[in-house]
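Okay, everyone, thanks for coming. I'd like to walk you through a complex of two chains today, so let's get it up on the screen.

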Amino acid sequence: MKKYLSIITVTLFLLALNACQKGEINSLNTPVVGGIITDPSRSDLFNLVTGAESGMRNSLSTYLDGTGIIGREIYRFSGAEPRYTTDLLGGGSKLLDNNTFYITNPWSARYQVARQCFILLDAINNTRTEVASDVQKKAFTGFAKTLIGYQLLLNLNMTNTNGVRIPVPNGATLGPVITNPAVVMDSILKFLDEGKADLTGSEVIFPLSDGFLGFKNAAGLIKFNRAIAARVYTYQQKWDNALSALNESFFDLNGPLNNGVYHAFSTNGGDLANTMYLPPNGNGEIRVAHPSFATNIIAGDDRITKTSLRTSSASQSGLTGNRDVIVWTSLNAPISIIRNEELILIYAEAKMQKNAIPDATVAINRIRTAHNLPVYSGPPTLAALITELLYNRRYSLFMEGHRWIDVRRYNLLGTLPKDRPDDDVWPRYPLPQSENNI
Amino acid sequence: MLLPKSSLLVLLCLCSTLALFAQQNITGKIRDAVSGKPIPGVTVRIPNTNKGTITDADGNYTLAITAGTTSLMVSYTGYKTKTINLTPGNNVINLTLEEDFARLDEIVVTGLATNVKRSNLANAVATISGTELNGVAPAQTFDAALSGKVPGAMITANSGAPGGGISVKMRGITSVFGNSQPLYVVDGIFFNNSSIPAGLNDVTGAATSGSPNNQDNPSSRIADLNPEDIENIEILKGASAAAMYGAKAAAGVIIITTKKGKSGKTKISLNQETGFTKVRHLMGVRTFTPETAADLAGTADNPDPDVQAKRAAYKAQFTEAKNAGKIFDYEKEIFGQTGLVLNTGISLSGGGEKTTFYLSGNRRQENGIVKGTGYFNNSIRLNVDHKVSDRVSVGVTTNYINSSADRGLTNNDNNGVSLGVALSSTPDFVNLFPNALGEYPRNTFASSNPLETRDNMINNEQTNRFVGGGNIEIRLQQSDRSTTRLVGRGGIDYFNFKTAALFPRNLQFEENGLQGHSIQGNTNNTNTNIGGFIVNTFTPNNNLSLTSTAGATLETGYLDNIVTVATNLVSGQSNLDASANTTTRQFRQKYRDNGIFIQEDLSLIDAITFSAGVRFDRSTNNGEYQKYYVFPKGSISWNIAKMDFWKVPGVDNLKLRAAYGQSGNVPPYGSKFTQMLGSNIGGFPGVLVENLQGNPDIKPERQTEFETGLDVSVLNGRISLEATYYNKKIYDVLLRHALPGSSGYATEWKNSGDLRNKGIELGLNLIPVNRPNVRWNSSINWWQNRSKVTKLIIPPYAIGAFGNSLGTFYLEEGQPATQIKGTVNGDLKLIGNAEPDFQMSFFNELTVFKNLSLRFLIHWKKGGDNINLTQLLTDLGATSFDYDDEMKGTKAGLYRPGAGDASIYVQDASYVRIREIGLYYNIPIKNTAILKAIRVGVSANNFFTWTKYVGYDPEVSNFGSNTITTAQTRGSNGLSTGVDVMPFPASKRASFHVGVDF
C-alpha cells in the first residue's frame with residue numbers, strides 16, 4: 001500500500017502544482033489599445049502615427065475603382081468579382097447594395113483611421129512631457145485632426161445626401177447620421193481648422209513616409225491641411241475661402257503639377273503594394289479606360305498617355321475596352337492624395353465662379369499648355385469655362401477620385417454614358433447597412 | 001527481455017496463490033447461441049474483482065477460483081452479459097451467449113471516470129463500432145468516415161481536397177462565432193482539431209473584399225487519426241450528456257477508444273486496400289458555337305467598332321480551333337484524373353495476464369483527382385496496458401503520425417488564380433496546353449492558365465504529430481459493500497504543421513505581378529490535459545448502488561504559427577531567402593482551463609438510475625479569468641421492463657429517460673482585447689487599431705439541454721426503437737456583432753443573445769432474419785433539428801457569405817439561425833435556410849453462410865439550402881453548361897446573374913447518397929497452423945448520389961469549419977457551411993480489400 005500512497009501523493013502534488021498557475025494570459029501577438037494609450041513611449045506614438053498614415057491606404061483601391069466606375073472613367077473587369085460590372089454600373093435590374101464590399105470596405109477603413117487618430121489623441125493626452133514636449137504634442141494632435149477631416153471627406157464623397165456620421169472620441173456615443181452635406185463639410189472644416197491651429201507653432205518629431213516628402217515638418221503639414229480645406233470649400237462653393245485656403249497651401253500656379261502629398265506604397269515586408277497597378281495587357285484582372293475616355297479627348301492632349309492601347313481589347317459582360325489604365329506604373333508607385341494640378345484647377349474654378357475670367361483663363365491655359373494643347377479659345381462665358389474646367393479636371397485628375405463628384409456637383413450625372421440598356425448612373429452610394437444597426 | 005520477466009512474474013503469482021488458498025479450476029467452452037460457433041475473447045471473471053480470464057481462439061477457458069466464490073460473470077462486447085452460479089463440485093461449465101441485439105449491456109461512458117450500461121442510460125449516446133466506422137467502405141480520413149453515421153449530427157465535407165476537412169455539428173447550431181465543432185477525446189487525450197491556413201490568401205486575395213473570413217480551406221487535424229486503430233466511438237451530443245466535460249463540451253464530445261491488446265496468443269493482422277478515386281460529379285461545360293464565341297466580346301448589335309472587331313476575332317478563333325479539332329473540356333482535364341489508393345495496415349496485439357499490448361502501423365497513400373494532389377499518412381500506435389497488481393493498473397497510449405497532403409488551389413479567390421475560378425471564365429476553344437518547349441500559352445480569358453498553375457504550383461501540408469497519454473487506476477480500498485478507485489489520466493498532443501505554397505514566378509498571374517510566391521508556414525502546437533478522479537461505489541445491498549465521483553481537470557494549449565511570404569522569387573527557387581521581398585507574420589495563442597466537479601449516481605434495483613453532478617470551470621480566455629462558472633447536470637432513467645410487475649412477454653426493454661445538463665463554450669482566444677495590428681509604411685513600423693473591438697467582459701456561452709426519450713426493444717432485442725426529443729438552449733451567444741462602420745470598428749465581441757435548437761432523433765434497429773446461414777440486420781435513423789434565434793439584444797445583421805446581393809446568413813430574433821436572406825428586386829428577403837428538413841440513414845448488413853456479408857449505408861438529406869456561387873461564377877464567365885438554355889426569354893446564363901434576385905443562387909442541396917457499400921468474404925480455412933483468417937472484399941465509398949443540386953457536390957463549404965483566426969484573416973464561423981465557390985470537387989472511391997490474420 002505504501003507504493004500506492006507515494007503514487008497518490010505524486011498525482012495530487014502534480015495536480016496542485018498545476019492549479020497554482022494563476023496568471024492571466026495577455027495578448028501575445030500585438031499591443032492592445034488599452035495598453036498603448038496609458039503612458040505611451042515615444043515609439044508608441046510614432047507607431048500610432050505610422051499606423052494612421054498607413055491605414056489611409058486600406059481599401060483605397062476599392063474607393064478609386066468604385067468612384068471611377070460609377071463616374072464612367074473606367075471599366076474594372078474581374079474573373080472573380082462580378083459586381084464591378086453589375087452593381088456599380090447598374091447592370092440589369094441591379095442596384096447598389098448597402099452591405100457589399102464596394103461601400104462597406106472603404107467606408108470602414110476611413111473611419112478606422114479616424115478611430116486610430118482618436119486613439120493617438122488619447123495617447124497624447126496621457127503622454128508625459130519628458131516623452132514629448134507640449135509643442136511636440138501639438139504636431140501629433142494637429143496631424144491626427146487633419147487626417148480625421150480628410151477621411152471623413154472621402155466617405156461623404158461616397159454617400160453624399162445619404163449621410164455620414166461625425167467620428168467621435170473613444171468611448172463617446174455615436175451621433176446621428178447627418179444627411180446634409182453642407183453640415184458635414186462644416187464638421188470636416190472644423191477638424192481641419194483645429195488641426196491647422198495645433199500644427200501652427202508645433203514641432204514635428206514623428207516620422208512620415210516619403211509620400212509626404214517636402215511636407216514632413218509643421219509648415220508642410222499646414223500646407224497639406226489647407227490644400228484639403230481648399231477642396232472642401234470648393235465643394236461648398238465658398239470661393240473666397242477656397243482662395244484664401246489655397247494661399248496657405250502649396251498652390252503654385254507655375255509650379256510642378258505633380259508636387260503634392262501622396263500615399264506611398266511598396267512591396268516591402270509589412271507594407272502595402274499598390275493594387276491599382278495592374279500589368280498592361282493582362283487578362284482576368286483588368287482596369288481599362290471607359291471607351292469615352294479616348295473618344296472625348298481633344299486630339300493632341302498628352303493626357304491620353306494615362307492609358308495605353310491594349311494589344312487585344314478586353315471584354316466582360318457585354319462591355320469592351322481597349323486602353324489599359326497606366327496612371328500607376330508599378331506596385332511601388334504612389335497614389336496622390338492632393339497635388340498642385342488640382343489646386344490650380346481649384347484656383348481656376350474659384351476665379352471663374354467669382355467672374356474673374358482673365359485669372360481663370362490664365363490657370364486653365366497653364367493646364368492646357370502643360371498638356372500639349374493650345375490656349376483656351378472658347379467663349380469667355382461662365383458656362384463655357386465651366387465645361388472647359390470640367391474637361392480639364394476629368395483628364396488631369398483621371399482616376400484620382402474626382403470625376404463622379406465633379407459631375408455630381410454640377411448636376412451633370414445625366415451626361416454620363418450608359419453602355420447597356422439597363423445600366424444606371426448612381427448619384428451616391430447607399431448608407432452602409434451597419435449604420436442602421438444602432 | 002520484458003516478456004520472460006513478466007511470464008516469470010505471472011508464474012510467481014500463480015505459485016503464491018496456489019500456496020495461499022485452497023482453489024479449484026473451472027474450465028469450459030463458450031459458444032454463440034444461434035450459430036454454435038465458439039467465441040474467442042470472452043471475459044470470464046469473478047464479480048467485483050480483477051480476477052478473470054479470456055477464452056482462447058476455440059472458445060475455451062480455464063479460471064482458477066478461490067473457495068467461497070459463488071458466481072462467475074461472463075461478458076463479451078455485443079453479447080448479453082451472463083452471470084452463472086457455481087455449484088460445488090461442478091468444474092466444467094460450458095455455456096452459450098446470446099447476442100445483445102439491442103446493445104443493452106453495452107457499457108457507455110457517461111462521466112469522466114464512470115460508466116453505465118446502455119439499458120440504464122439516460123441519454124441518447126450514439127455508438128459507432130470500428131466495423132461500422134471503417135468496415136464497410138473506408139473513407140480517406142477518419143472524419144469523412146463519420147458521414148451519415150451520427151443521428152442528430154450535420155456532417156458536411158468542406159472540400160474534396162485530399163487530406164480531409166469536415167464540419168461536424170451536433171444538434172443544430174451550438175455557436176456562431178465560438179467553437180462549433182465537437183471536442184475529440186482519444187483515450188482520454190484531448191485531440192486538437194484545428195485547421196491552420198497555409199497563407200494562400202496572399203495569392204488568392206479571397207478574404208480581401210467580400211468577406212474577411214479565411215477561405216484557404218485547410219484540412220482539419222482530426223483527419224490525422226488512423227481509422228483502423230479505432231475500437232469504438234461514443235458521441236455525447238449535447239450538454240445533458242457531456243456536462244462533465246464542462247466548458248469544452250457545448251458542441252458535443254466525441255470519445256474515441258482505440259484498440260487494446262487482449263491476453264492470449266499474439267494476433268497479427270494484415271490489411272491491404274487497393275483502389276481508385278475519381279471525381280464524384282462534373283458539372284459539365286458550355287459548348288460554344290461561332291456565334292456564342294463572338295458574343296463573349298459583346299452583343300451583335302453593339303455599335304462600337306472595337307466590339308465588332310473583337311467579335312470577329314473570337315469567331316475566327318473558335319472556327320480555327322474547331323477545324324483543328326482543338327476544342328477542350330478543361331473541367332475534365334483538370335478534375336478528371338483517376339487517383340490510385342493504397343492503404344496498408346498491420347497490427348500486432350496480444351499479451352500476458354498482466355500486460356497487454358496493441359501495436360499497429362498504417363500507411364495510406366493516394367493520389368487526388370487533380371494532377372499533383374494527393375494524401376499520404378503514416379501512423380504508428382502502441383497501446384500498452386499493465387496490471388501492476390490486483391489493485392493497480394496502468395495504461396499508456398502513444399501515437400506518432402506523419403501526414404502530407406497536396407491540396408491544389410481551389411475555392412474562392414479575387415485574383416482569378418484558383419483552378420476553379422480560372423476555369424469558370426475559360427471557354428473550350430482556347431488552347432492552354434504547353435508547346436513542345438514546355439511553355440504554357442497565356443490564357444486570354446482569365447488571369448491564369450489553370451493547366452500551368454496545376455502543373456507548377458505546390459500547396460503542401462505536412463504534419464508531424466505525437467499524441468501520448470497515460471492513465472492509472474488504483475483500487476484504494478475494497479470491501480463487500482464499497483470500492484474506492486483513484487483514477488489519474490493525462491495526455492499530451494504535440495504537432496508540428498508545416499505548410500508550403502509555391503507559385504513560381506513564370507506563372508501567368510505572377511509574371512507581371514509579384515513575380516512568384518513562396519509561402520512557408522510553420523506551426524507548433526501543444527495541448528496537454530491532466531485529470532484526477534476519485535470514485536467510490538457503495539452497494540449496501542443488491543438493490544441499491546451509489547457511485548460518487550469527485551475530480552479535477554486542467555487543460556493547456558499553446559499554438560505558435562509563423563508564416564513567411566516571399567515574393568519576387570529567384571527563378572526556379574522556393575527558398576525564402578531566394579527572393580527580393582519577404583514578409584513574416586506570427587500568430588500565437590495560449591489558454592489554460594481548469595475545472596473541478598462532483599457527481600453522484602444512484603442505481604435502484606438495476607432499473608432506476610439517478611445521476612446528478614456539478615462542474616466548476618474557468619478559463620484564461622474569459623474576461624474574468626479567475627471566475628469559476630457553474631455547470632450542473634442531472635438525469636433519470638427508469639427501465640420499466642426490469643421492474644418486478646412487468647410481465648409482458650417479448651418486451652425485454654422499456655425505458656423512459658430524461659436528462660438535463662449545462663455546459664459552456666469559452667470565448668475564442670483574444671476576444672477580450674482590442675488589438676493593434678502591424679501596418680507599416682515608408683519603412684517605419686506602425687500599428688493600426690483592428691476593426692474588431694475586444695470586450696474585457698466577455699464570458700462563456702452557456703448551453704442548457706433537456707433531453708427525454710423512450711427506448712423499447714421487443715422480440716428479444718430483434719426490434720428496438722430509440723426515440724429522443726431534445727431542447728437545447730444557448731444563452732449569452734458569443735457574437736462578433738456588426739457595429740456601425742462609423743465607430744471605426746466593424747465588429748465587436750459581445751455576448752448578445754440566445755439560441756434554441758429543438759429536435760427529434762429516431763433510431764430503429766431490426767434483425768429481420770437471424771438464422772445460422774442468413775442474417776440480416778438493419779438500422780434506420782431519422783433526425784431533424786430546428787434552430788431559432790430566441791433573443792438578440794443587438795440589431796439583426798448579416799453574418800456570412802458575400803453580402804446581401806449574393807445571399808447571406810442573417811441573424812434575426814425569432815427566425816431560424818440558419819436562415820439565408822438576400823436582395824430580391826432591391827429588398828432584403830428571406831430566400832433560404834441551410835438547415836435540412838430532416839436527415840435519414842439506412843444501414844444494412846446481410847450475412848449469408850457466415851462468411852459472405854454485404855453492408856451498405858444510404859444517407860438522405862432532405863432540404864437545406866446552399867449558396868451556389870459556383871454557378872454564379874460560371875454564368876459570369878459564360879461557361880455554365882446550361883448557359884444557352886432559355887430562361888425568361890433570354891439565355892439562362894445571362895438571366896441568372898442580372899436578375900437582381902439573390903434567391904436564384906440559393907438552391908436546395910438535398911441528396912440521397914449511397915455513402916458506403918461493401919461486399920466481404922471470409923475465406924474458410926482448413927489448416928489453421930499459421931493462417932487464422934483471410935478476408936477479401938470490394939467496397940465503394942460515396943459512389944452513387946442522387947441530387948438536383950447544380951454544382952460538384954451538395955456537400956461543400958468555402959469557409960471551412962474550424963479554421964483558426966490568424967494575424968491576417970478571421971477563422972470560420974458556425975454557420976457558414978453550404979457556401980459553394982469553386983471548391984475542390986468531391987471524389988468517390990472504390991477499393992479491393994485483402995486481410996490476413998496470423
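Let's start where the two chains meet: 97 residues of chain B are in contact with 87 residues of chain A. On chain B's side, the biggest giver is strand E26, residues 579–604, which puts in 12 residues. And what kinds of residues does the side of chain B that touches chain A have, by class? There are 41 nonpolar, 48 polar and eight charged ones.

Keep in mind that this is a predicted model. For the complex, the predictor gives an ipTM of 0.90 and a pTM of 0.85. Chain B averages a pLDDT of 88, with 96% of its residues scoring at least 70. But look at residues 1–21 of chain B, where the pLDDT is below 50. Beyond near neighbours in sequence, that stretch has 12 contacts in the model.

Okay, staying with chain B. Its secondary structure comes to 12 helices and 52 strands. Along the principal axes, its C-alpha atoms fill a box of roughly 110 × 65 × 60 Å. How does the radius of gyration of chain B fit with a compact globule? For 998 residues you'd expect a value near 30 Å, and chain B has 30 Å, so the two agree. Of those 998 residues, 56% count as buried. And if you take the contacts in chain B with a separation of 6 or more, 69% of them come from residues 24 or more positions apart.

Now over to chain A. This one is divided into domain 1, residues 37–207, and domain 2, residues 286–325. Their C-alpha centres lie 31 Å apart.

Last stop: helix H4 of chain A, residues 60–70. Why do I call this helix largely enclosed by the rest of the structure? Because 11 of its 11 residues are buried. Among them are A:Leu60, A:Tyr63, A:Asp65 and A:Ile70. So what covers the buried residues of H4(A)? The cover includes helices H5 (101–125), H6 (134–159) and H14 (403–409) of chain A, along with strands E1 (74–77), E2 (260–263) and E6 (335–339) of chain A. And just after H4(A), you'll find A:Arg72, which takes a positive phi of about 55°.

How values were computed
Residues are numbered from 1 along each chain as its sequence is written. Chains are lettered from A and ligands numbered from 1 in the order in which they are written. This is a predicted model: local features need pLDDT of at least 70, side-chain atom pairs count only at pLDDT 80 or more; totals for chains, interfaces and linings use all residues. Domain bounds come from an automatic or database domain assignment. Helices (H or I, at least four residues) and strands (E, at least two) are DSSP runs, numbered from the N terminus. The radius of gyration is taken over C-alpha atoms; the globule rule is 2.2 Å times the number of residues to the power 0.38. A residue is buried if 20 or more other C-beta atoms lie within 10 Å of its own, exposed if 12 or fewer, and partly exposed in between; C-beta atoms are placed from the backbone. Two residues are in contact if their C-beta atoms, placed from the backbone, lie within 7 Å. pLDDT is the predictor's confidence in each residue, from 0 to 100. Ala, Val, Leu, Ile, Met, Phe, Trp, Tyr, Cys and Pro count as nonpolar, Asp, Glu, Lys and Arg as charged, and the others, Gly among them, as polar.
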